[in-house]
Amino acid sequence: MHVAVMGAGYVGLVTAGGLADLGLMVTSADINQERIQRLGEGKVPIFEPGLEELVRRNTQAGRLSFSADIQTTVRNSLVIFVAVGTNGGQNGEADLSQVWSVADSIADCMEDYKVIVTKSTVPVGTAAQLRERITSRLNGLLNSMWFPIRNFLGKARRSKISFTLTASSLEAPLAGPWGS
Ligand SMILES: NC(=O)c1ccc[n+]([C@@H]2O[C@H](COP(=O)([O-])OP(=O)(O)OC[C@H]3O[C@@H](n4cnc5c(N)ncnc54)[C@H](O)[C@@H]3O)[C@@H](O)[C@H]2O)c1
């Protein structure tokens with residue numbers, strides 16, 4: 001099973017590294033080409049204890065790769081985590097423009113069943129809106145999930161290891177090991 005994590009910021013990178021360390025094949029994707037190039041050279045732009053080593057170990061093992069080619073990443077992945085930024089909205093509200101941008105990228109090149117997992121901090125109901133936005137543009141199968149965010153500064157890497165247990169889904173059935 002191939003997994004994509006959209007957004008190679010703090011949350012996306014920790015998520016991608018944690019999933020790869022669980023043994024999954026992961027592509028960490030971002031529209032910031034410079035960031036992707038630097039990550040490919042082993043340069044981690046975020047300070048999180050253990051993250052650089054986690055990224056290096058999984059990159060060398062061939063489980064973690066980086067890409068700015070969003071369409072190819074979507075096509076090759078069964079599960080797509082959305083980990084883009086949502087800060088900066090008016091009056092403290094979330095700015096969902098990056099989330100919708102990812103949704104549109106997925107819809108534009110989705111050719112088969114996908115599981116979309118919202119990892120970004122978003123208002124209640126966003127997973128349903130995301131599903132609606134994507135399905136309104138295609139006839140494919142989609143199952144959307146979300147994770148309660150549980151990042152603590154300095155402990156983010158460790159807290160990711162157990163997060164497979166905390167996924168919730170809008171509808172059943174789910175694909176493969178994500179079920180139940
Ligand atoms: N940083 C934290 O400590 C923290 C903690 C808890 C929750 N969160 C939440 O997690 C989410 C991500 O936060 P972050 O700090 O990692 O954000 P960030 O801004 O560091 O990273 C977001 C990344 O997404 C990329 N991106 C934007 N649009 C994209 C697209 N269409 N396709 C692919 N990549 C795209 C950006 O280039 C950027 O590298 C936010 O919702 C934030 O509120 C963050």
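## Buried or exposed?

A residue is called buried if 20 or more other C-beta atoms lie within 10 Å of its own, and exposed if 12 or fewer do. Keep that in mind as we walk through this structure, which is a predicted model.

## Helix α5 and its two sides

Let's start with α5 (97-109). This helix has 13 residues and reaches 19 Å from its first C-alpha to its last, close to the 18 Å expected at 1.5 Å a residue.

Which residues of α5 are buried? They are Gln 98, Val 99, Val 102, Ala 103 and Ile 106. Seen down the axis of α5, these buried residues fall within an arc of 145°, so they line one face of the helix. Here's a handy bit of background: an α-helix has 3.6 residues a turn, so residues three or four places apart point the same way. Over on the other side of α5, Ser 97 and Asp 104 are exposed.

What do the buried residues of α5 pack against? Their partners are β1, α4 (70-76), β4 (79-82), β5 (114-118) and α6 (126-135).

## Strand β1 and Met 6

One of those partners, β1, is mostly covered, with four of its five residues buried. It pairs with strand β2 (residues 25-29) in the parallel sense, over five bridges. Val 3, for instance, has Val 26 in β2 as its bridge partner.

Now zoom in on Met 6, which sits in strand β1 (residues 2-6). Why does Met 6 count as buried? Because Met 6 has 31 C-beta neighbours inside 10 Å, and the cut-off for buried is 20 or more.

Who are those neighbours? If you skip the ones within four places in sequence, Met 6 is in contact with Gly 12, Ala 29, Ile 80, Phe 81, Val 82, Ala 83, Val 84 and Val 102.

## Around the ligand

There are 26 residues around the ligand, and the ones that come nearest are Gly 7, Gly 9, Gly 85, Thr 86 and Ser 120. Two elements give two or more residues to this shell: α1 (10-21) and α5 (97-109). So which element gives the most? That's α5 again, with four residues.

Notes:
Residues numbered from 1 in each chain as written. Predicted model: local features only at pLDDT ≥ 70, side-chain atom pairs only at ≥ 80, totals over all residues. Contact = placed C-beta atoms within 7 Å. Near = placed C-beta within 6 Å. Expected span 1.5 Å × (residues − 1). Arc of directions from axis to C-beta. Pairing = 2+ DSSP bridges.
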